[in-house]
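User: Please show me, feature by feature, how a structure of this kind is read. I would ask for the general idea and then the case at hand.

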Amino acid sequence: MAAIAKDEWVRLISLANVLHCENPLKIEDEWIREYKLEKGNFDITDVDLELVDEIPSETQMGKVYTRLILSTLQPEEDYVDGMIRVYNDEICDTIDNYNSSAYYEPSYVLTRAYNNGGF
């Protein structure tokens with residue numbers, strides 16, 4: 001998978017206020033083609049049904065990550081730098097593991113875990 005350069009992240013974020021009214025599946029298909037994204041082997045639905053009643057939606061997880069990005073944003077960073085930093089951190093493996101409780105912990109707990117290097 002090709003890495004997306006920061007200037008391209010900035011372009012994508014700047015389009016968010018326009019693209020939010022587009023069909024998300026159309027945008028997804030365009031970005032997969034444009035950035036040559038490849039399907040991975042991570043399956044979010046592979047959960048222990050005794051532990052997980054409902055898998056969170058993309059919007060719910062977007063809110064989790066938005067709060068984490070904003071709460072850990074450094075003075076010298078812009079929002080895109082914060083996104084890249086957080087999404088490349090190992091804590092995402094824990095947050096995205098729906099068999100754990102990390103994704104529905106309060107924001108301050110996620111922020112503390114991030115700042116401490118994990119849960």
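User: Which element gives the largest share of the lining of the largest pocket?

Analyst: A pocket is an open set of points on a 1 Å grid over the protein atoms alone, where a 1.4 Å probe fits and protein lies on both sides within 12 Å along at least five of seven lines; lining residues have an atom within 4 Å of a point. Here α4 provides the largest share of that lining, 8 residues. The model is a predicted one, in which local features need pLDDT of at least 70 and side-chain atom pairs count only at pLDDT 80 or more, while totals for chains, interfaces and linings use all residues. Residues are numbered from 1 along each chain as its sequence is written, and side-chain values use heavy atoms, without hydrogens or water.

User: How much space lies in the largest pocket, and which residues are the closest to its centre?

Analyst: A volume is the space filled by probe spheres set on grid points joined across faces, edges and corners. For the largest pocket it is about 2,400 Å³. Its lining has 41 residues, of which Glu-28, Trp-31, Leu-37, Glu-58 and Tyr-87 are the closest to the centre. Two or more lining residues come from each of α1 (6-14), α2 (16-19), α3 (24-34), α4 and α5.

User: What are these numbered elements, and how many helices and strands has the protein?

Analyst: They are DSSP runs numbered from the N terminus: helices (H or I) of at least four residues and strands (E) of at least two. This protein has 7 helices and 0 strands. Its C-alpha atoms fill a box of roughly 40 × 35 × 25 Å along the principal axes.

User: Which residues touch the most other members of the largest nonpolar core?

Analyst: In soluble globular proteins, nonpolar side chains tend to be buried together. A nonpolar core is a set of buried Ala, Val, Leu, Ile, Met, Phe, Trp, Tyr and Cys residues joined through side-chain atoms within 4.5 Å. Buried means under 20% relative accessible area, exposed means over 50%, and partly exposed falls in between, with a 1.4 Å probe and protein chains only. In the largest core, which has 17 residues, Met-61, Leu-68 and Ile-95 touch the most other members. The elements that give two or more residues to this core are α4, α5, α6 (91-95) and α7 (107-116), and α4 gives the largest share, 5 residues.

User: Which residues of α7 are buried, and what do they pack against?

Analyst: Packing is read from contacts, meaning heavy atoms within 4.5 Å. Val-109, Leu-110, Thr-111, Ala-113 and Tyr-114 are buried in α7. The buried residues of this helix pack against α4, α5 and α6. Leu-68, for example, touches Leu-110, Thr-111 and Tyr-114, among others. After α7 comes Gly-117, whose phi is positive, near 85 degrees.

User: Is Tyr-65 buried or exposed?

Analyst: Tyr-65 counts as buried because its relative accessible area is 5%. This residue lies in helix α4. Beyond four places in sequence, Tyr-65 touches Val-86, Tyr-87, Cys-92, Ile-95 and Asp-96. Tyr-65 and Met-83 are 18 residues apart in sequence, and their C-alpha atoms are 8.5 Å apart in space.

User: Where is Glu-77, and which side chain does a polar contact join to that of Glu-77?

Analyst: A polar contact is a pair of N or O atoms within 3.5 Å; within protein, one must be able to donate a hydrogen and the other to accept it, and residues adjacent in sequence count only if both atoms are side-chain atoms. Glu-77 is in the loop between α4 (58-72) and α5 (79-87). Its side chain makes a polar contact of 2.8 Å with that of Arg-85 and reaches the backbone nitrogen of Gln-74 at 3.0 Å. Glu-77 is buried because its relative accessible area is 16%.

User: What does Thr-72 touch?

Analyst: Thr-72 lies in helix α4 and touches Glu-77, Arg-85, Val-86, Thr-111, Tyr-114 and Asn-115, leaving aside residues up to four places away in sequence. A polar atom of the Thr-72 side chain lies 2.8 Å from the backbone oxygen of Leu-68. Thr-72 counts as buried because its relative accessibility is 3%.

User: How is Ile-13 to be read by way of contrast?

Analyst: Ile-13 lies in helix α1 and counts as partly exposed, at 33% relative accessibility. Ile-13 touches Val-80 and Met-83, not counting residues up to four places away in sequence. Between Ile-13 and Tyr-79, 66 residues apart in sequence, the C-alpha to C-alpha distance is 9.1 Å.
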